Amino acid sequence: VIQYGVMVVLAFLYIICDKEARIYSVFVWSAFDKQDFYDIVRLSWPVMVDKATQAASKLWLVRLIAPMGKTALASFSAIRDMSQFAFVPAIALAQVLTFLVSNDYAVGNWRAIKNNVKKVILMALFMVAFILLIF
């Protein structure tokens, strides 16, 4: 929650403070149409289901491991924390890619979109692999 909150604040400040990025700003207090709300829910429900199943699967796995004792729970917790730490660069780069692609999409620069996706995936691969090798 803290990470997403910080990212929202930083993105908001970037859009407000940068003169070129102001074209992407949204006037929050404008009239909010019901159809806009339904469109947002329709577009975002797959992400909500994905995040909910990931969270539920970890809780379910903890409940399955709990009868095995403290050592098993501690081991699972350490492995889970290591995997989450290893994928932090991939998550951060995915957010950066979202900004890059949205800017290029607005101007129809398909070649830049393709190149940015390739570069970011390659960077994420190396960073995650490096952290996993350290572990």
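**Charged pairs and a helix contact**

Tutor: Within helix α2 (residues 34-65), arginine 42 and aspartate 39 are three residues apart, about one turn of the helix; helices here are DSSP runs of H or I with at least four residues, numbered from the N terminus. This is a predicted model, in which local features need pLDDT of at least 70 and side-chain atom pairs pLDDT 80 or more, whereas totals for chains, interfaces and linings use all residues. Residues are numbered from 1 along each chain as its sequence is written, and side-chain values use heavy atoms, without hydrogens or water.

Arginine 42 and aspartate 39 form a salt bridge, with their closest N and O atoms 3.7 Å apart; the term requires a side-chain nitrogen of Lys or Arg within 4 Å of a carboxyl oxygen of Asp or Glu. Aspartate 39 has a relative accessible area of 25% and is partly exposed (between buried, under 20%, and exposed, over 50%, with a 1.4 Å probe and protein chains only). The count comes to two salt bridges. Aspartate 81 pairs with arginine 80 in a salt bridge at 3.8 Å between the closest N and O atoms. Aspartate 81 is partly exposed at 39%, as is arginine 80 at 24%.

Turning to packing, helix α4 (residues 88-107) meets helix α5 (residues 110-134) at about 175 degrees, with axes 10 Å apart. The two helices are therefore roughly antiparallel, an angle over 145 degrees.

How values were computed: Axes fitted to C-alpha atoms, helices over the stretch in contact; angles between N-to-C directions. Parallel < 35°, antiparallel > 145°, perpendicular 65-115°, else oblique.
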